[in-house]
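Please look at the sequence and the three-dimensional structure shown below.

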Amino acid sequence: MFLFKIKARRWNIIIALLLIIHAFLLAGISFRSSPNLNEPGHMVAGLAIWHFGETSLYRVNPPLLKVIATLPVFLSKHQTNWAAYNPNPQARSEFVLGSDFIKVNGVYSFWLFTIARLICIPLSIMGGFVCYRWATDLYGSKSGILALTMWCFSPNILTWGASITPDLGTTAFGLIANYTFWKWLKTSDWFHAIISGVFLGLALLSKTLWIFLLLFWPLFWLYQKISSRNVPKEQWLKQGCQLSLLLLIGLYFVNLGYGFKGTFKALGQYHFLSSTLTGDTNLSQTSSELRNRFRGGLLENVLIPLPEDYVSGIDIQNNEFEIGKWSFLRGEHRLGGWWYYYIYALLIKVPLGYWLLFILASIYSLKERKVIPLSNDLFLILPAVIIFILISSQTGFTKYVRYALPCFPYAFIWVSKIARPFGLNHKYSITILGAMAWAISSSLAVYPHSMSYFNESIGGPSSGPKHLLDANIDWGQDIHELKKWCDQQSALEPFYADCFTFLDINDLGIRAAYPPSEASPGWYAISVNQRYGRKNRYDYLDQFEPVKKIGYSILIYHLTD
C-alpha cells in the first residue's frame with residue numbers, strides 16, 4: 001500500500017508538471033500574438049452577448065466560448081462601436097465590427113485580446129487532463145502520461161489553445177462529453193447520465209459540429225445492447241430512461257445558452273439560405289423572399305427543439321460551403337477544395353514523432369488484438385472517424401487544418417496504448433522515448449510560432465507556403481511582432497505593408513502605406529498569404545530575397561536604387 005501511494009504521488013507530480021508547462025506555453029503565445037483574422041469577430045460577438053444578450057453575431061458558432069473569452073474584457077475598460085451592426089445573417093457584420101473594435105481601442109486592444117486568451121487556457125488544461133484519464137482507464141497510467149504529453153506539446157493544440165476562436169474549446173468540451181458518456185456506458189448509473197447530459201449541452205454550445213452526437217450516442221448504445229447477450233428487460237428500461245434524460249439535459253442546456261430565443265420555432269417558418277434547406281439553387285442570394293423547402297410540406301409544422309440562431313448558424317455555414325471559397329494546396333489555387341486535403345495537411349502539420357508513434361500503435365494493435373479487444377477502442381475511434389469524414393466531405397473550401405482539431409485527442413489516446421507494455425526491457429521503449437523527444441523538440445523549435453509549424457518532411461515552416469496557406473501559417477498573428485521590429489528601426493522610409501488581416505495596421509501603431517504595383521525603392525512587409533496569393537500581385541519580388549522574417553508569416557524586403 002505504501003509503495004502504491006508513492007507511485008501514485010509520482011504520477012500526480014508528472015501530470016501537474018506537464019499541465020503547468022502547457023499553461024506557460026499557451027500564455028507565451030497569448031502575450032506575443034496579435035489578433036488573428038477571426039478573433040476580432042469573436043470578440044465583438046461575445047461582447048454583444050454580454051452587453052445586449054444578442055447572439056446573432058458570428059452565429060455560425062454557438063455562444064459559449066465567446067462568452068467565456070470575453071468575460072474579462074467585458075469587466076475591463078474597453079470601447080465599442082456598434083454603428084456597423086447589420087442583423088442580416090448574410091452581412092456577417094461581425095468582421096466590420098471587429099475592425100471597428102480595434103480602431104477605437106488602438107494598441108490597447110492587444111492587451112484585451114491577451115486577457116481573453118488567458119481565461120481560455122483552463123479549457124486546454126481540462127482537455128489534456130481528460131486525455132490522461134481516458135487513456136489511463138483504457139490502457140494504464142503510462143499510456144495516460146503519453147497521451148497527456150502528446151496533447152501538451154502538439155503545435156496544433158498550442159496554436160488554438162492560445163486563441164479565442166472556438167477550435168480548442170470545442171475540442172475539449174466534445175472530448176469531455178464523449179468521455180462522460182463512455183463512463184455512463186460502463187456504469188449505467190444516474191450520476192454519469194446527468195453529467196454526460198450536461199457536457200453534451202456544453203459541447204453543443206461550443207460548436208454545432210457535435211450535433212451528430214444526438215444520433216451517434218443512441219445508436220452506439222443500441223449496438224452495444226444488441227451485441228450483448230441476455231440483457232435483462234429491466235436494464236433495457238433503466239438505461240433507456242437514463243439515455244433519454246441525458247439527451248434532454250443536453251438540449252435543455254443548448255436552449256438555456258440562447259435564453260430560449262426561437263426555441264420550438266416551426267420548421268416552415270425559417271428563412272434559409274443554403275440550397276440544402278431551400279431546395280432551390282436558382283434564387284438570388286440576396287433575395288428577401290422566404291425560402292424554405294419544407295414550407296407547404298408535411299414537415300412544415302414540426303417544432304424544432306433548438307434556438308433559432310443555432311439552426312440559422314448551421315444553415316449559414318452550409319451555405320458558405322455550397323458557395324465555395326478559394327483554397328490552396330501544393331502551389332495550386334482553386335475555387336473549391338480537395339477531398340484529400342486534410343489527409344495531406346495532417347501529414348505535414350503533425351510532428352513526425354507522432355506519426356512514428358501512430359505506426360507503432362497500429363502494429364501493436366494488430367499483434368495484441370486479443371489483449372486489447374476492438375470493442376474497447378471502438379467508441380474512442382468512431383467520433384474521430386465521423387468528424388474526419390464530415391469535414392473531408394465539405395469540399396466547397398478546404399483551408400483550415402484547425403477544422404480537424406477535434407479529432408486529435410482521440411488519436412492521442414488511441415496511440416498511447418503503445419505505452420501499455422512500456423518497460424526498461426521492452427523492445428518499443430527506446431523508440432517511444434525517441435519519438436516523443438523528436439516530436440517535442442520539433443514543436444518547441446518553432447514555438448512560439450506554432451501556427452506556422454510544418455514538420456521536417458517538407459523542410460519545416462520555411463517551406464510551408466509551398467504547401468499550405470491561410471490559418472495554417474499566416475493569419476495575421478505576427479503583426480504585434482512586426483510593430484516591435486518597426487519600433488526598433490531608426491529609419492524605414494518609405495515603408496510599405498500588406499498583411500493578412502481585416503484590420504488597418506495603422507490603428508495598431510504601424511505607419512505604413514500600401515505597396516506599389518511594381519518594384520520601387522523602400523521597405524516592404526508582405527505576409528506570406530499575400531506574397532503567394534492567387535492574384536500574384538507581388539511577382540516583382542521574385543528576384544529579391546527577404547532580408548528578415550517576422551516569425552514565419554511576414555517577409556521583410558529592402559529594395560534600394
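Phe 264 is placed in the loop between H12 and E1. Helices (H or I, at least four residues) and strands (E, at least two) are DSSP runs, numbered from the N terminus. The structure is a predicted model, in which local features need pLDDT of at least 70 and side-chain atom pairs count only at pLDDT 80 or more, while totals for chains, interfaces and linings use all residues. Residues are numbered from 1 along each chain as its sequence is written, and side-chain values use heavy atoms, with hydrogens and water left out.

Phe 264 has a phi near 65 degrees, a positive value in a residue other than glycine. Phe 260 also has a positive phi, near 60 degrees, and is not glycine either. Phe 260 lies in the loop between helix H12 (233-257) and strand E1 (265-266). With a relative accessible area of 39%, Phe 260 is partly exposed; buried means under 20% relative accessible area, exposed means over 50%, and partly exposed lies in between (1.4 Å probe, protein chains only).

The bond from Tyr 447 to Pro 448 is cis, with omega near 5 degrees, and Pro 448 lies in the loop between helix H19 (429-446) and helix H20 (479-488). Glu 493 and Pro 494 are likewise joined by a cis peptide bond, with omega about -10 degrees. Pro 494 belongs to the loop between H20 and strand E5 (495-498).

The next topic is contact between charged side chains. The structure holds 17 salt bridges, each defined as a side-chain nitrogen of Lys or Arg within 4 Å of a carboxyl oxygen of Asp or Glu. In one of them, the side chains of Glu 39 and Arg 117 meet at 2.7 Å, N to O. This pair links distant parts of the chain, since Glu 39 is in helix H2 (residues 39-52) and Arg 117 is in helix H5 (residues 109-118), 78 residues apart. Glu 39 is buried because its relative accessible area is 1%, and Arg 117, at 1% relative accessibility, also counts as buried.

Which residue forms a salt bridge with Asp 167? The partner is Arg 402, and the closest N and O atoms are 3.0 Å apart. Arg 402 lies in the loop between helix H17 (374-393) and helix H18 (408-415), and Asp 167 lies in helix H9 (residues 167-187), so the pair ties together parts that are 235 residues apart in sequence. Both Arg 402 and Asp 167 are buried.

Another salt bridge joins Glu 332 and Arg 334, whose closest N and O atoms are 3.6 Å apart. Glu 332 is partly exposed, with a relative accessible area of 36%, and Arg 334 counts as partly exposed at 30%.

On a 1 Å grid over the protein atoms alone, a cavity is a set of points where a 1.4 Å probe fits but cannot get out, and a pocket is an open set with protein on both sides within 12 Å along at least five of seven lines; lining residues have an atom within 4 Å of a point. The largest pocket holds about 970 Å³ of space, a volume being the space filled by probe spheres set on the points, which are joined across faces, edges and corners. Its lining has 41 residues, of which Leu 37, Lys 399, Tyr 400, Asp 470 and Phe 500 lie nearest the centre of the pocket. Strand E3 gives the most to this lining, with three residues.

The largest cavity is lined by 16 residues, and Ile 29, Ser 33, Thr 159, Met 451 and Gln 477 lie nearest its centre. Helix H1 (2-32) and helix H8 (155-161) each supply at least two residues of that lining.
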